[in-house]
Amino acid sequence: MKRFVTINSNQVYKSLETKELLTKKLISEGFDVKDYFHPDTELVVSIGGDGSFLKTVHDFNFPNVPVVGINTGHLGFFADISPDNIDTFIDAYNNNDYIIQGISLIEAEIFSHECCENIYAINEVVIRGDKSRVIHLDLKVNDKHIQDFGGDGLIISTPTGSTAYNYSARGSIVDPSLNLMQLTPLHPINTNAYRCFTSSIIFSSESIINIAPEYRFENSILVVVDGVEHRFSDVSDIKIFVSDIKVNLLRMSNYEFWSRVTEKFL
Ligand code: NAP
Ligand code: MN
């Protein structure tokens, strides 16, 4: 039986060079290597930075098989294996000496007059105003009204996304073994006219968040999913929850989250 590996790379020279080298090595180990998602693929390799990792997983529509990231000169929180360690990686893969980190996605169901669209995020969903306007959002959790938010927007992040935009917006870094959603405000207004939370709120993985835009200036909003912007008109409600779909991130067996945090952030 043929064993298929799919390699997806960004267009940076170092990535293309790494892709060529990895392809050669995998072929000599008996694998068949494709650069599109072959239906029998057993492993997806993304070469680039975290942005490439996110793009690979989205482009391949959240595959069930393990995805591994090889880092060619970026921060590399997902893409964690150095091109210098390709041989170690192939050996470890052949010997089943690795760990699989299941990443729970956040799912958002967007309701407008054209009915609904479901989107999935690995890091986060951001809801922002269009044209740099203040956005007013009615926030509910499990059908209970929490607040009328006014400000730049709200980030709803996964534990894995907690080290990304969420962290820049003063959200907390979350241990990836926890299953939760973190809602972090972006520049909330706090005056006599508007009052909203200034810190992040942590919701359980069973919670259902509903966000309804109150249109004051524009009838369109931006929904930014893992850094990719989508513009929606006349959205009546956005339902956000932890999805049943997971991404299986392959890590080397010596991977440890907190040492990566100190290496990459401090
Ligand atoms: P980008 O503009 O290159 O990303 C910004 C930085 O975030 C990059 O250094 C990227 O790593 C890093 N990153 C991505 N996911 C991460 C994670 N889970 N933990 C820690 N760092 C992470 O755009 P991109 O590479 O396409 O990434 C999209 C992400 O950028 C979004 O999901 C969002 O979280 C983040 N973002 C952050 C800000 C902010 O901090 N103010 C604003 C917009 C978007 P690489 O260098 O390896 O690509
Ligand atoms: Mn990037």
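## Overall form

Helices, as counted here, are DSSP runs of H or I with at least four residues, numbered from the N terminus. The structure described below is a predicted model.

The chain holds five helices and 16 strands. Its radius of gyration is 20 Å, close to the 18 Å that the globule rule gives for 266 residues, so the chain is as compact as a globular protein of that length. Of the 266 residues, 53% count as buried.

## Where the ligand sits

Ligand 1 has 18 residues around it. Domain 1 (3-96) and domain 2 (105-244) both contribute to this shell, so ligand 1 lies between the two domains.

Two helices, helix 2 (50-59) and helix 4 (165-168), each supply at least two residues of the shell. Helix 2 gives the most, with three residues.

## Contacts with the ligand

Which residues come nearest to ligand 1? They are Asp50, Asn123, Glu124, Thr163 and Ser168.

For some of these residues, single atom pairs can be described. In Asp50, a polar backbone atom is 2.8 Å from an oxygen atom of ligand 1. In Asn123, the atom concerned is a polar one of the side chain, and it lies 2.9 Å from a nitrogen atom of ligand 1. In Glu124, an N or O atom of the side chain is 2.4 Å from an oxygen atom of ligand 1. Ligand 1 exposes 810 Å² when taken alone, and the protein buries 66% of that area.

## A residue in a loop

Thr72 is found in the loop between strand 4 (67-71) and strand 5 (79-81). Is Thr72 buried or exposed? Its relative accessibility is 7%. Buried means under 20% relative accessible area, so Thr72 counts as buried.

Thr72 can also be placed relative to Tyr13. These two residues are 59 residues apart along the chain, and their C-alpha atoms are separated by 9.3 Å.

Key: Residues numbered from 1 in each chain as written. Chains lettered and ligands numbered in written order. Predicted model: local features only at pLDDT ≥ 70, side-chain atom pairs only at ≥ 80, totals over all residues. Heavy atoms only, no water. Near = heavy atom within 4 Å. Polar contact = N/O pair within 3.5 Å; in protein donor to acceptor, adjacent residues only side chain to side chain. Areas by Shrake-Rupley, 256 points an atom, 1.4 Å probe, with all protein chains shown as cover. Domains from an automatic or database assignment. Rg over C-alpha atoms; globule rule 2.2 N^0.38 Å. Buried < 20%, exposed > 50% of the residue type's maximum accessible area, 1.4 Å probe, protein only.
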